[in-house]
Amino acid sequence: LMMVADKPRDVVNQVLYNLRLHVAKRLNLAADDLYRPLWVTHFPLFESKEEGVSSLHHPFTMPDRIDFDPTDTEELLALNSRAYDLVMNGEELGGGSIRIHDAAVQRKVFRALGLSPAEAEAKFGFFLKALAYGPPPHAGLALGLDRVVAMILKTDSIRDVIAFPKNRRAFCPLTRAPADVDPDQLTELGLTGTGPGTLRAEAPGADRRGGPAGSAPAPEKITLKEVRHVAKLARLKLDEAEIEGFQEDLNAILDSMETLKTLDTETTQPMKHVLDLKNVWRDDEPRKGKDSESILENAPQREGDFFRVTKILEG
């Protein structure tokens with residue numbers, strides 16, 4: 001006979017649960033070829049916290065009844081959720097729940113969690129709006145296939161059946177994830193780092209190259225690093241000669257654009273287009289003017305003062 005005493009009750013349950021499994025394994029009390037499935041239901045909807053009540057799982061699970069008072073803590077802690085877990089030999093293989101599909105019930109749950117109407121709208125306004133369109137009652141169940149496979153193979157850990165398991169620090173030895181973000185990627189997204197793991201958006205109106213919006217700083221030369229970065233984003237494989245060629249061409253374009261700022265375009269006549277111009281008129285009446293005849297000269301076929309086009313529908 002083993003006894004455990006502590007406060008709160010959840011700590012006692014967790015300790016006894018692990019102690020029971022440990023003793024059963026150490027004394028060979030658990031049969032390897034015996035499988036006992038069961039459904040766990042009637043989970044509490046809320047749990048008590050120092051700051052009030054909190055959702056035991058998440059705030060979108062349907063309660064077992066909807067006529068509760070969101071301000072009555074004792075009543076809230078007595079509510080059960082319409083959730084269910086599938087357990088095999090003490091191991092959870094999957095779980096699910098019936099979700100809240102009524103906006104009024106969802107607002108009551110948010111109020112029970114201490115969210116004011118304004119806070120609920122700010123955080124979950126999009127969700128409440130979706131519920132207002134009347135979604136049908138819905139539920140689901142998700143199974144952990146890695147746990148099922150581990151049980152079939154009788155392994156002690158699901159890490160033995162996961163292709164690329166992470167270590168205890170949630171780090172993947174194969175892909176080295178999570179990794180630091182490349183500063184160029186942050187700049188491209190308009191984000192800059194202010195410290196380890198901290199991101200902030202650039203100030204509104206700030207220029208990408210550091211100057212205030214509206215200013216016209218001299219264009220910086222495009223570097224080889226920037227060309228490599230763009231090639232990587234475009235999934236292009238370039239050798240060093242091609243990268244240097246792109247860098248030279250892009251900088252030449254920037255230099256050419258700078259010279260355009262000094263051109264007098266007020267008195268410059270329009271240039272001829274490299275392609276033949278084709279005028280399209282939407283009005284039924286022809287436009288009269290001194291240039292209409294010259295425009296119609298470009299028509300492949302002409303019918304009076306109109307462009308003639310092939311008929312699509314015959315009357």
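**A charge on the inside**

A: Start with aspartate 85, which is buried yet has no salt bridge; the nearest side chain of opposite charge, arginine 147, is 7.8 Å away. Buried means under 20% relative accessible area, exposed means over 50%, and partly exposed is in between (1.4 Å probe, protein chains only). A salt bridge is a side-chain nitrogen of Lys or Arg within 4 Å of a carboxyl oxygen of Asp or Glu. For charge, Lys and Arg count as positive and Asp and Glu as negative, while His and the chain ends are not counted.

Q: Before I go on, what kind of model is this, and how are the residues numbered?
A: The model is predicted, so local features need pLDDT of at least 70 and side-chain atom pairs count only at pLDDT 80 or more, whereas totals for chains, interfaces and linings use all residues. Residues are numbered from 1 along each chain as its sequence is written, and side-chain values use heavy atoms, with hydrogens and water left out.

Q: Ok, back to aspartate 85. Where does it lie, and what does it touch?
A: Aspartate 85 lies in strand β4. Leaving aside residues up to four places away in sequence, aspartate 85 touches Leu38, Trp39, Val40, Phe43, Glu92, Gly94, Gly95 and Gly96. Contact means heavy atoms within 4.5 Å.

Q: Which strands form the open sheet with β4?
A: The order is β1-β4-β5-β6, with antiparallel pairing. β1 (37-41) and β6 (139-143) stand at the edges with a single partner strand each, so one side of each has no neighbour in the sheet. From one strand to the next, the twist averages 20°. Two strands pair if DSSP finds at least two bridges between them.

Q: How many bridges join β5 to β6?
A: There are 5 bridges between β5 and β6. Glycine 96, for instance, stands opposite leucine 141 in β6.

Q: What packs on that sheet?
A: Helix α5 does, touching β4, β5 and β6, and its direction makes about 150° with that of β5. Axes are lines fitted to C-alpha atoms, for helices over the stretch in contact, and the angles run from 0 to 180 degrees between N-to-C directions.

Q: How many helices and strands are there in the chain?
A: The chain has 9 helices and 10 strands. Helices (H or I, at least four residues) and strands (E, at least two) are DSSP runs, numbered from the N terminus.

Q: What about β2 and β3, what do they form?
A: A hairpin, with 2 residues between the strands. β2 (residues 46-49) and β3 (residues 52-55) pair in the antiparallel sense over 4 bridges. Lysine 49 has glycine 52 in β3 as its bridge partner.

Q: Which side chain does lysine 49 meet in a salt bridge?
A: Glutamate 47, at 3.9 Å, N to O. Lysine 49 is partly exposed, with a relative accessible area of 39%.

Q: How many salt bridges are there by this rule?
A: The count comes to 6. Arg65, Asp67 and Glu75 are linked in a network of them.

Q: Which lysine does aspartate 184 pair with?
A: Lysine 225, and the closest N and O atoms are 3.8 Å apart. Aspartate 184 lies in helix α6 and lysine 225 in helix α7, so the pair ties together parts that are 41 residues apart in sequence.

Q: New topic: where is the cis peptide bond?
A: A cis bond joins alanine 177 and proline 178, with omega about 0°. Proline 178 lies in the loop between α5 (145-152) and α6 (183-188).

Q: Last one: how much of the chain is buried?
A: Buried residues make up 18% of the 315 residues.
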